[in-house]
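Welcome! Take a moment to look over the sequence and the 3D view, and then we will walk through them together.

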Amino acid sequence: MAEGGIVAIPEFKVKYRDVFSLRNLYLMLHEMLLEEGWRGIDGDSDHEDIETLYSENVYQKGIHLGGKELWFWWRAQKFQEGKYSGYFINKLDIDAHVVYLQNVEVVQQGKKMNVQNGEIEMFFRPRIELDYNHEWEHHWFLKYMKPIFEKRIMHAEIEKREKELWRDAYRIHAKVKQFLQLRTFVPVPEPFFARQFGYEE
């Protein structure tokens with residue numbers, strides 16, 4: 001249930017270590033969020049504001065296994081449709097940590113390709129914010145009614161939207177796992193784009 005106006009959904013995680021195309025993963029995830037109606041923190045449709053952090057370090061092999069270490073944080077939001085749409089907003093935080101990243105060449109279907117070898121760990125943290133404009137919270141009378149309104153009147157609606165957000169976030173999580181060719185527990189439609197390296201048949 002909501003605490004402090006936030007309904008938190010359990011976190012999803014993906015961890016993978018092998019050869020993969022970071023660029024293709026990045027583009028696939030970006031396009032999927034755009035396609036499903038997720039926007040950046042300012043609500044822009046061009047997604048310029050979705051990435052709030054990008055950090056890159058390069059390590060030498062003597063101290064470390066070598067390669068690059070990357071962090072990128074994405075903060076996306078999606079406005080609810082239907083009844084009470086002005087009261088709810090869905091938020092999704094995606095944090096990715098990549099280590100030991102090195103460029104390698106592979107031959108895929110007879111073509112030489114530049115890809116990366118390393119370890120990537122991604123965290124998906126979905127949540128629902130209630131009264132995201134703080135209209136009830138700052139109103140002299142409604143702020144006293146807000147807890148009763150959420151517990152008595154909105155209870156079923158909050159639960160319904162919580163399940164919808166869980167399904168949305170799990171679908172994004174499963175798509176990333178499918179891209180990395182990891183096992184998923186729900187059926188995921190075959191992607192329109194190529195899987196891992198750019199043009200697999």
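Is Tyr16 buried or exposed? Tyr16 is buried, because its relative accessible area is 10%, and the cut-off for buried is under 20%. Keep in mind as you explore that this is a predicted model.

**The overall picture**
- The protein has three helices and six strands, and from the N terminus on they come in the order β-β-α-β-β-β-β-α-α.
- Of the 201 residues in the protein, 46% are buried.
- The accessible surface of the protein is about 11900 Å², and carbon and sulfur atoms hold 51% of that area.
- Among contacts with a separation of 6 or more, 66% join residues 24 or more positions apart.

**Around Tyr16**
- You can find Tyr16 in strand E2, which covers residues 12-20.
- The side chain of Tyr16 reaches the backbone oxygen of Val19 at 3.3 Å.
- Tyr16 and Gly118 are 102 residues apart in sequence, yet their C-alpha atoms are 8.3 Å apart in space.

- Trp140, Phe141, Met145 and Ile148 make a nonpolar surface patch of about 450 Å².
- Phe141 sits in the loop between strand E6 (111-130) and helix H2 (142-153).
- Phe141 counts as partly exposed because its relative accessibility is 40%.

**Helix H3**
- Helix H3 (residues 155-179) has 25 residues, so at 1.5 Å a residue it should span 36 Å; its end C-alpha atoms are 36 Å apart, which agrees.
- After H3 comes Gln181, which has a positive phi, near 60°.

Technical notes
Residues numbered from 1 in each chain as written. Predicted model: local features only at pLDDT ≥ 70, side-chain atom pairs only at ≥ 80, totals over all residues. Heavy atoms only, no water. Patch = residues over 30% accessible without salt bridge, like charges linked within 9 Å, V, L, I, M, F, W, Y side chains within 5 Å. Areas by Shrake-Rupley, 256 points an atom, 1.4 Å probe, with all protein chains shown as cover. Salt bridge = Lys/Arg side-chain N within 4 Å of Asp/Glu carboxyl O. Helix = DSSP H or I, 4+ residues; strand = E, 2+ residues; numbered from the N terminus. Buried < 20%, exposed > 50% of the residue type's maximum accessible area, 1.4 Å probe, protein only. Polar contact = N/O pair within 3.5 Å; in protein donor to acceptor, adjacent residues only side chain to side chain. Expected span 1.5 Å × (residues − 1). Contact = heavy atoms within 4.5 Å.
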